[in-house]
Amino acid sequence: MPTKKENNKNASIKDRKCNNKNGITAWERVEIARNSNRKTALDYIKIIFDEFIELHGDRLFKDDKATVCGLARIGNQNFTVIAQQKGRNTKENIERNFGMPNPESYRKAIRLMKQAEKFNRPIVTFVDTKGAYPGIGAEERGQGEAIARSMFEMAKLTVPIIVVVIGEGSSGGALAITIGNKIIMLENAIYSILSPEGYASIVWKDSSRAKEAAEVMKLTAKDLYDFKIVDKIIKEDKEFEDVALKIKSEIKKELKELQKLSSKELVEQRYDKFRNIGEYETYSKKV
Amino acid sequence: MIVDKIKKRDNKSIIKKDNKVDIPEGKWIKCEHCKEIIYKEVLKANNGICPTCGHYFRMNCKSRIEIIADEGSFKKFNINIDTVNPLKMQDYKEKLEKFREKTNMDEAVQCGTCKINGIETVLCVMDSNFFMGSMGSVVGEKITYSIEKAINLKLPIIIFSCSGGARMQEGIISLMQMAKVTEALTKLDKAGNLYISVLTDPTYGGVTASFANLGDIILAEPKAMIGFAGQRVIEQTIGEKLPDGFQTAEFMLEHGFIDKIVERNLMKETLYDLLRLNGYKKV
C-alpha cells in the first residue's frame with residue numbers, strides 16, 4: 001500500500017536520476033509521461049471539478065472505457081468533460097485497453113460534445129493516450145473515420161474548448177480530441193506524431209533507436225509551445241494536488257477570456273489557430 | 001569517383017522487386033500480381049491496368065491528371081512554397097531532392113483546377129512515388145489552399161488520396177496538418193460545396209484519419225489498400241495474422257465506409273455523373 005504522502009506525488013523527475021546536467025532530456029520526459037504511477041485523467045478530474053457525473057456509450061455500438069465522458073461543475077459553471085483514461089493498475093488497464101481508444105471512444109466524445117453545444121456548456125478534454133488502438137475491430141468499425149469526424153465536429157463547435165495534455169499525446173488518436181481554442185500542457189507531458197519507437201522504426205528501420213528519436217522529434221511541452229501549438233505550459237514542480245489546482249485555475253482563467261468571444265468568434269479563433277500551423281518557406285515564382 | 005558513377009548507373013538500370021527476378025529498366029515492366037512481363041506502352045495505354053490479370057499499378061500524378069481532366073484543362077495553382085526542415089533531421093533535404101529528381105514533382109501533391117467533360121472543378125492528386133505520398137507542411141498547406149480556393153471560386157473539389165500518412169520527418173507539424181485540412185473542410189461544408197474523396201492504393205494513417213474520410217462522397221479504386229493503422233503494426237499488437245482482404249476497398253465498402261468502388265477506366269465518367277447529379281453544370 002502506498003502511503004498517503006506517496007499517493008499525492010505524481011511521477012516526476014524527482015523520482016528519477018537526471019542524466020543531463022543542463023536539464024531533463026526529451027527521452028526522460030517520455031519515461032515520466034509513461035510512468036505507470038503517473039496520475040490519470042480521473043485523478044485530475046476529482047480535484048479540478050466540484051462534481052462529476054460520468055455518462056456512457058456512443059449510442060451506436062458500445063461504451064469504450066478508454067475514454068471517460070461526463071458532466072462536471074466548477075462553482076456555478078457547468079462543463080462537459082472528455083478524457084482519455086489509462087488504467088491505474090493491470091486490472092484497470094485491461095478494462096481501459098491501456099488508454100488506447102477504439103472508434104467508439106471518439107463517437108461517444110462526438111455525441112457528448114454536440115450535446116455540450118446544445119446546452120451551451122464549455123468543453124474540457126484531457127489527452128493521455130499512446131494512440132488509437134490498432135486492431136482488426138477498430139479498422140472494421142472505421143478508426144480513421146472516427147478520428148477524422150471527431151476533429152471535424154470539434155472544429156465546428158460554437159462553445160469554448162480547452163484541451164489539457166496530461167501525459168502521452170500520441171498520433172491521430174490524441175489529435176482527435178485536441179481541436180481546442182486553448183491547449184494547456186503539463187511540463188512533463190509529451191505530444192508527438194507517433195511513439196518514439198514507431199518513429200525510429202519508420203525513419204531508421206530500427207525501433208531500438210527510440211531514445212534518439214525522442215530527442216529529434218520535438219515532443220516536449222516546450223517544443224510545442226515554441227511551435228505555437230500549445231498556449232500554456234504548467235510546471236510540475238509541486239505536489240500532484242497543487243498541479244491539478246493550477247490546471248483548475250488555468251481552466252477558469254482561459255474560460256473567462258473565451259467567454260468574451262461570440263460563438264462565431266470562437267469557431268474563427270480555433271480555425272485560425274490550426275490554419276496557421278505549418279513550417280515552409282515561400283519563394284517567388286521561378287520563370 | 002568513376003567507380004561511384006558506375007555503381008550508381010548499375011543501380012538505376014535494374015528494378016529489384018522482392019529479390020525475385022531482375023528486369024532491365026526501360027521498355028518492359030513486370031506485373032507484381034501475375035508476374036507477367038508487360039510492354040510499358042501497352043500498360044500506359046491501358047491506364048496502368050495489367051492487360052493479363054487486371055491488376056492496378058499505382059498511378060503517378062501526371063498520368064492520373066491525364067485520365068481525369070479534359071485535355072489541357074488542368075491549371076496548377078500558383079502556390080509557391082517550399083519544404084523546410086523543422087526538426088533539422090539529418091538527410092531530410094537530401095531525400096527530398098532525390099524524390100524531386102525521381103518524380104519531377106516538387107512535393108507529394110499537385111493541386112489546381114480542371115474540367116471534367118466540361119464541368120469545372122478543383123482537383124488535388126497525391127502521388128505515392130513522392131515520399132510515399134506523405135503529408136508534411138507543404139502538402140497540408142496546398143490541400144488547405146485548394147479547399148479555400150474551391151470555396152472562393154464556388155467550385156466542387158475532388159481529392160485523389162494516396163499516402164502512407166503524416167510525414168515523420170516533420171514530426172508534430174505534420175500531425176497538425178490533419179487538423180488544419182479538417183478545419184478547412186468545415187468551411188467548405190458550410191459553404192455548401194461538394195467534396196468527392198477518391199481513395200487509391202495506398203491510403204493510410206493521418207490521411208485516412210482526416211480529409212480522405214470526410215468526403216460528401218467517398219469513392220475508391222478496386223483492391224486499393226485503405227486503413228488507419230499499418231498491417232504490420234496491427235499484427236504485432238494483436239499477435240496474429242490478418243484475414244484475407246483486410247483493409248481493401250472491398251472491405252471498406254462492406255463495412256460501410258465508402259460509397260462506391262469505381263474502376264479506373266470508369267472513374268472520369270463517374271466523377272462527371274456525380275458532379276452533374278449534384279447540380280454542377282458545364283461552363
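User: Is A:Ile190 buried or exposed?
Analyst: This is a predicted model, in which local features need pLDDT of at least 70, side-chain atom pairs count only at pLDDT 80 or more, and totals for chains, interfaces and linings use all residues. Residues are numbered from 1 along each chain as its sequence is written, while chains are lettered from A and ligands numbered from 1 in the order in which they are written. A residue is buried if 20 or more other C-beta atoms, placed from the backbone, lie within 10 Å of its own, exposed if 12 or fewer, and partly exposed in between. Because 30 other C-beta atoms lie within 10 Å of A:Ile190, this residue is buried.

User: In which strand is A:Ile190, and with which residues is A:Ile190 in contact, leaving aside its neighbours within four places in sequence?
Analyst: Strands (DSSP runs of E, at least two residues) and helices (H or I, at least four) are numbered from the N terminus; A:Ile190 has its place in β7 (residues 190-192) of chain A. Contact requires C-beta atoms, placed from the backbone, within 7 Å. With that exclusion, the partners of A:Ile190 are A:Arg29, A:Val30, A:Ala33, A:Glu168, A:Gly169, A:Leu219 and A:Thr220.

User: Against which elements do the buried residues of α2(A) pack?
Analyst: Helix α2 of chain A covers residues 26-34, and its buried residues are A:Ala26, A:Glu28, A:Arg29, A:Val30, A:Ile32 and A:Ala33. They pack against β5 (161-170), β7, α9 (196-203) and α10 (210-217) of chain A.

User: Which residue in the turn of the hairpin of β2(A) and β3(A) has a positive phi?
Analyst: Two strands pair if DSSP finds at least two bridges between them; here eight bridges join β2 (residues 67-74) to β3 (residues 77-84) of chain A, in the antiparallel sense. A:Arg73 has A:Asn78 as its bridge partner in β3(A). Two residues lie between the strands, and the turn residue with a positive phi, of about 60°, is A:Gly75.

User: How many residues does α6(B) supply to the side of chain B that touches chain A?
Analyst: The contact between the chains involves 47 residues of chain B and 46 residues of chain A. On the chain B side, β6 (81-83), α5 (137-153), α6, α7 (205-208) and α8 (231-238) each supply at least two residues. The largest share comes from α6(B), namely 14 residues.

User: Which residues make the contact of α13(A) with α6(B)?
Analyst: Helix α13 (residues 263-275) of chain A and helix α6 (residues 171-191) of chain B have axes 8 Å apart and pack at an angle of about 135°, where axes are lines fitted to C-alpha atoms over the stretch in contact, and angles run from 0 to 180 degrees between N-to-C directions. That angle makes α13(A) oblique to α6(B), since angles under 35 degrees count as roughly parallel, over 145 as roughly antiparallel, 65 to 115 as roughly perpendicular and the rest as oblique. The residues in contact are A:Tyr271, A:Phe274 and A:Arg275 of α13(A), with B:Met176, B:Ala179, B:Lys180 and B:Glu183 of α6(B).

User: Which residue of β6(B) stands opposite A:Thr282?
Analyst: Strand β9 (residues 280-282) of chain A runs antiparallel to β6(B), and three bridges join them. Opposite A:Thr282 stands B:Ile81.

User: Which residue of β12(B) stands opposite B:Leu219?
Analyst: In β11(B), B:Leu219 is the bridge partner of B:Val198. Two bridges join β11(B) to β12 (residues 260-261) of chain B, and these strands run parallel. The residue opposite B:Leu219 is B:Lys260.

Key: Two residues are in contact if their C-beta atoms, placed from the backbone, lie within 7 Å.
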